[in-house]
Amino acid sequence: MDQRRIEGFSDEGAGRAAPDLVVRPTQDADIAAVAAIYAHHVCHGTASFELEPPSPTEMGERWRGVVGMGCPHLVAVRSERVLGYAYAAPYRSRPAYRHTVENSVYVDQLAHRQGIGGALLERLILECAERGFRQIVAVIGDNAPASIGLHASRGFETVGRLHAVGFKFGRWCDTTLMQRPLGEGAATLPSAS
Ligand SMILES: CC(C)(COP(=O)(O)OP(=O)(O)OC[C@H]1O[C@@H](n2cnc3c(N)ncnc32)[C@H](O)[C@@H]1OP(=O)(O)O)[C@@H](O)C(=O)NCCC(=O)NCCS
């Protein structure tokens with residue numbers, strides 16, 4: 001099956017991004033920039049429910065862990081500068097969840113609304129489908145409109161909301177759960193494994 005024809009997928013988004021934007025697998029040399037992008041969002045936003053920014057060393061270990069589990073970890077680069085990153089990892093560890101991943105996308109706070117998040121998420125969807133995963137889930141911290149808009153624009157549907165499951169910056173935070181099928185989704189059974 002041509003995974004570029006997965007239902008609901010459009011090549012349009014990558015075209016909306018700046019033409020010189022490159023989305024590629026994360027490399028060791030990217031980790032400092034990835035850690036800096038994430039640190040800003042941990043310290044100033046509620047997309048992540050972490051309270052302290054992980055060190056570059058910790059982020060490197062997380063990157064190696066994601067790739068080591070056979071999942072994609074990508075960066076968006078323009079003029080040799082890492083402007084965003086995205087990855088997918090197992091949704092939950094119990095083995096019956098093995099065909100489902102959860103994704104994350106973070107873009108440099110100075111580079112929003114330039115098509116970077118969309119380009120990253122589209123490539124991530126393709127990479128996950130090509131690896132045979134069947135469902136992708138986004139857990140949107142604090143019901144963030146930008147993240148909900150991003151995921152909705154790439155075929156995710158809102159499937160639920162959890163109330164007051166987080167507490168950050170002195171207030172309760174909800175999460176919105178969004179989901180998108182990958183490849184043949186639930187229309188066929190996975191290959192035996
Ligand atoms: C969510 C985030 C990754 C979006 O990245 P981005 O590069 O600004 O997104 P894009 O420019 O590619 O926009 C893609 C689509 O997302 C939606 N979107 C982006 N920002 C939005 C906003 N502020 N409000 C509503 N929709 C928005 C739009 O549908 C947009 O399509 P359009 O450009 O045709 O309008 C970015 O805002 C971010 O890093 N936020 C903090 C971290 C976060 O929330 N990550 C998600 C955790 S899963």
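1. Strands β6 (residues 157-168) and β7 (residues 171-181) run antiparallel and are joined by 8 bridges. Strands pair here if DSSP finds at least two bridges between them; helices (H or I, at least four residues) and strands (E, at least two) are DSSP runs, numbered from the N terminus. Threonine 158 has methionine 178 of β7 as its bridge partner.

2. The model is predicted: local features need pLDDT of at least 70, side-chain atom pairs count only at pLDDT 80 or more, and totals for chains, interfaces and linings use all residues. Residues are numbered from 1 along each chain as its sequence is written, and side-chain values use heavy atoms, with hydrogens and water left out.

3. In the hairpin of β6 and β7, with 2 residues between the strands, phenylalanine 169 has a positive phi near 55°. Alanine 164 lies in strand β6 and has a positive phi of about 55° although it is not a glycine. Aspartate 142, in the loop between β5 (135-141) and α5, has a phi near 65°. Most residues other than glycine have a negative phi.

4. The ligand sits in the largest pocket. A pocket is an open set of points on a 1 Å grid over the protein atoms alone, where a 1.4 Å probe fits, with protein on both sides within 12 Å along at least five of seven lines; a molecule sits in it if more than half of its atoms lie within 2 Å of its grid points. Elements giving two or more residues to the shell around the ligand are β4 (100-107), α4 (116-130) and α5 (145-153). The largest share, 7 residues, comes from α5.

5. The ligand is surrounded by 21 residues, each with a heavy atom within 4 Å of it. The closest are Val105, Arg113, Gly115, Gly117 and Gly118. The shell divides into 8 nonpolar, 10 polar and 3 charged residues, with Gly counted as polar.

6. A backbone N or O atom of valine 105 is 2.6 Å from a ligand nitrogen atom. A polar backbone atom of arginine 113 lies 2.8 Å from an oxygen atom of the ligand, and a backbone N or O atom of glycine 115 is 2.9 Å from a ligand oxygen atom.

Conventions
Polar contact = N/O pair within 3.5 Å; in protein donor to acceptor, adjacent residues only side chain to side chain. 1 Å grid on protein atoms, 1.4 Å probe; cavity = no way out; pocket = protein on both sides within 12 Å on 5 of 7 lines; lining within 4 Å.
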